[in-house]
Amino acid sequence: MNFKAFAGKALSLAAATVVLASCYLPARFDAEIELDKAGYYSMKFDGYLADVDLYRGLKDGKISPAEEKEKMAVIERDFARDASTKEYQYYREGHFRVKWERAGDLLKAKTVTFIRRNELIFQLKYVENSGYIVLEGKSITKENRQRIQQMGLGMQGQIRVKTDLPVKSHNATSEKKDPRDPRFKWLVWDIASIMSPRPRAVFIIE
């Protein structure tokens, strides 16, 4: 390998390291969203997240138990600042359990994100000029998915959306009418692994 190719590969690896650092990954989870024609929503997440940087440092022996304790405290403070966090508990090896719930008027809020805009796990966004509401899950490149998998981390869970809004498009695993109220339908994404497609749906609000 010549120097130019080596330097390019080194920069690529460095960029990937930056991308993966300080990143929360939903490891095992259950998420449910309700969204109605008036624009009101509720969003719930219950599951385990992994701090990728902490997990990697512990796995590689580069983070001591004392440093792990310090980082655990930082993560706990991070979630404690958010009033939507109902429960938080550190588990082990960079993993922690979070129960998070939020509800409100999406047409006023415009965007609702779990966990926050710079740490997106999934998001509802009202695109006012198009009259659409867009649901999107965390975006991870194929290369970073493979790197995360090689580190020993995975992603498994389910996202369910109940809505009476017309659906323009979606890539859900399944779709069905609500048996108790046929005005509503359920879109369900079964996330079998880190390589599963990024969840996405577009709803028509106007």
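Two residues are in contact when heavy atoms of theirs lie within 4.5 Å of each other. With that in hand, welcome to this predicted model.

- You will find Arg-160 in strand E8, which covers residues 156-163.
- Arg-160 has a relative accessible area of 17%, and because the cut-off for buried is under 20%, Arg-160 counts as buried.
- The side chain of Arg-160 makes a polar contact of 2.7 Å with the side chain of Gln-158.
- Arg-160 also forms a salt bridge with Asp-30, and the closest N and O atoms of this pair are 2.7 Å apart.
- Asp-30 itself is partly exposed, at a relative accessible area of 32%.
- Salt bridges that share partners bring Glu-32 in as well, joining Asp-30, Glu-32 and Arg-160 into one network.

**Other salt bridges**

- The model has 15 salt bridges by the rule used here.
- One of them pairs Glu-119 with Lys-138, with the closest N and O atoms 3.8 Å apart.
- Glu-119 belongs to strand E6 (residues 119-127), while Lys-138 is in the loop between strand E7 (132-137) and helix H5 (142-151), so this pair links distant parts of the chain, 19 residues apart.
- Both partners are buried: Glu-119 has 7% relative accessibility, and Lys-138 has 13%.
- Another salt bridge is formed by Asp-178 and Lys-162, whose closest N and O atoms are 3.4 Å apart.
- Asp-178 lies in the loop between strand E10 (174-177) and strand E11 (185-191) and Lys-162 in strand E8, so the pair ties together parts that are 16 residues apart in sequence.
- Asp-178 and Lys-162 are both buried.

**Helix H3**

- Helix H3 runs over residues 65-80, 16 residues in total, and its first and last C-alpha atoms are 22 Å apart, close to the 22 Å expected at 1.5 Å a residue.
- The buried residues of H3 are Glu-68, Ile-75, Asp-78 and Phe-79.
- Looking down the axis of H3, you will see these buried residues within an arc of 90 degrees, so they line one face of the helix.
- Those buried residues pack against several elements, including strand E1 (24-35), strand E2 (40-51), helix H2 (52-59) and strand E3 (85-92).
- On the face turned away from the buried side, H3 carries the exposed residues Ala-66, Lys-69, Glu-70 and Ala-80.

**Backbone details to look for**

- As background, most residues other than glycine have a negative phi, and most peptide bonds are trans.
- The peptide bond from Phe-114 to Ile-115 is cis, with omega near 15 degrees, and Ile-115 is part of strand E5.
- Glu-93 has a positive phi, near 50 degrees, without being a glycine.
- Glu-93 is placed in the loop between E3 and E4, and at 47% relative accessibility Glu-93 is partly exposed.
- Lys-110, which is not a glycine either, has a positive phi of about 70 degrees.
- The loop between helix H4 (106-109) and E5 holds Lys-110, which is partly exposed with a relative accessible area of 31%.

Key: Residues numbered from 1 in each chain as written. Predicted model: local features only at pLDDT ≥ 70, side-chain atom pairs only at ≥ 80, totals over all residues. Heavy atoms only, no water. Helix = DSSP H or I, 4+ residues; strand = E, 2+ residues; numbered from the N terminus. Expected span 1.5 Å × (residues − 1). Buried < 20%, exposed > 50% of the residue type's maximum accessible area, 1.4 Å probe, protein only. Arc of directions from axis to C-beta. Polar contact = N/O pair within 3.5 Å; in protein donor to acceptor, adjacent residues only side chain to side chain. Salt bridge = Lys/Arg side-chain N within 4 Å of Asp/Glu carboxyl O.
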